Amino acid sequence: MNFRRTLALLLLSTLELLHLDFINSEALQLTQEIYQDTLNKNKLVFINFYADWCMFSAQLAPIFHQAADIIHEEYPDVKFARVDCENQQQIALENAISKYPTLKLFRNGKVLRKEYRGQRSVDAFSSFIKQQLKPSMVDVLKPEDLKIDENRNTFIGYFESKNSDGYQTLGKLADELRETTDFLAVLGDASTKERAVGENIVFKPKKKSGEVETTYTGSHQNFELLKQWAEDRANPLVREITFENGEELTEEGLPFLILFHKPEDVTAIQRYKNGVMRELMEERGRINFLTADGTTFAHPLHHLGKSIDDLPLICIDSFRHMYLFKKFDDVDVPGKLKQFVADLHSGKLHQDFHNPQPDDNDQAQGHHHGQPSQEQQQPETPEKQADTDDGNTDNASPDQQIGDEPEKKSASGSGSGKSPPETVFNKLAPSENRYTLLHWRDYSGNYRDEL
């Protein structure tokens, strides 16, 4: 056992002793034998996936135990639990644990799509759980009480009463999709006008999404059909990147195809989405299709030698380099967007940037820092590089999070060597000042010196 791992274990022991006076070790220690049974028997199970040699796991342990004491006393059907991933490797693999500590919430036996990435404090954990215990669907009994958050997608059901089939089905769906979507049920007299031709369920997209309002036309008794319809809208092919979800998206390890747009440019968003739907459906799972408010993400634009005045524009960030789609209007030309992505996979974007031809009709302008090596001439891969900033990015400002290197504008937008730094979005990835990042997935026991 190396020195740093020994130091982490000593830190864990010290922290536990310091908090012994108010900790009753109420967080459950899960093993393979009781894991699934614990999930099935409790409404919520909040699990801390950790390793005892990880210094960040050691720091979190007493905080997590104390929060468990508070929650378990107040809510019998909620459990805080811990999984030692080195001893329970199968559970770790099932949950795709790639860093320690990872915090995930399970509702009615099913894991939530998003892991917990908030503040690690007793109050924050308690507030998070209490928020999760609120009803997944809000009942509206008066027309004036219908309040819609324009910054979130919303499903609204118009029903005669809570006994309606649609109400029961929509409520079940709300439990599964409440993370990213609001659910409202307008009942009785408040819904009379909308029920003129029968009970119905409506999807209202968030403002500036480029999507349109749609009505569900299937059976209100068919949960799976409703779920598929709702997921296609709540979790679309093209997503918006923000500083709140940037870490999550970056951790997926897929290259980004990004539209940078002006805040009110709904037309550009819809043209981009149409192009992705038309050209790139088969790329789902290999590329993340994103939109980004160019005023919020001004720093990446500066790295590309662009500004808000140049929007809209499309870019690929491969987590190694950034490449510009030459002309935004080509998004409407069949084959152009597809070829752009194909050239990423083949390595052509990289090669053409460093070896531009006088009559080159390639669709991309690349941005690369330094001279290309033989290895760099190989095709791009969705390899994710870890964040190596010295500061903790959890409390950093957006500009600090996404990179604070000096701006170096490209004079020509071609492979002249006078380009900005390489990727910038990888700086939104999980910070090594907050997590122990794992670079193996088979739990072979061959540890690298993470600490």
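A salt bridge here is a side-chain nitrogen of Lys or Arg within 4 Å of a carboxyl oxygen of Asp or Glu. Helices (H or I, at least four residues) and strands (E, at least two) are DSSP runs, numbered from the N terminus.

The structure is a predicted model, in which local features need pLDDT of at least 70, side-chain atom pairs count only at pLDDT 80 or more, and totals for chains, interfaces and linings use all residues. Residues are numbered from 1 along each chain as its sequence is written, and side-chain values use heavy atoms, with hydrogens and water left out.

So how hidden are the two partners? Burial is judged by relative accessible area: buried means under 20%, exposed over 50%, and partly exposed in between (1.4 Å probe, protein chains only). Glu-251 counts as buried because its relative accessibility is 15%.

A second pair sits within a single helix. Asp-37 and Lys-41 form a salt bridge, with the closest N and O atoms 3.2 Å apart. Both lie in helix H2 (residues 32–41), 4 residues apart, which is about one turn of the helix. Asp-37 is partly exposed because its relative accessibility comes to 39%, while Lys-41, at 63%, counts as exposed.

Then there is the salt bridge between the side chains of Lys-204 and Glu-213, at 2.7 Å from N to O. Lys-204 has a relative accessible area of 22%, so it is partly exposed. Glu-213 is partly exposed as well, at 48%. Elsewhere, salt bridges with shared partners join Lys-99, Glu-115, Arg-117, Glu-247 and Glu-251 into one network. By the rule used here, the count comes to 21 salt bridges.

How far does the predictor trust its own work? That is what pLDDT tells, being its confidence in each residue, from 0 to 100. For the protein chain the mean pLDDT is 83, and 77% of the residues reach 70 or more. Over residues 15–23, though, pLDDT is below 50, and this stretch has 10 contacts in the model beyond near neighbours in sequence. A contact means heavy atoms within 4.5 Å. Residues 368–400 also stay under 50 in pLDDT, and for them the model has 77 contacts beyond four places in sequence.

Technical notes: pLDDT = per-residue confidence, 0-100.
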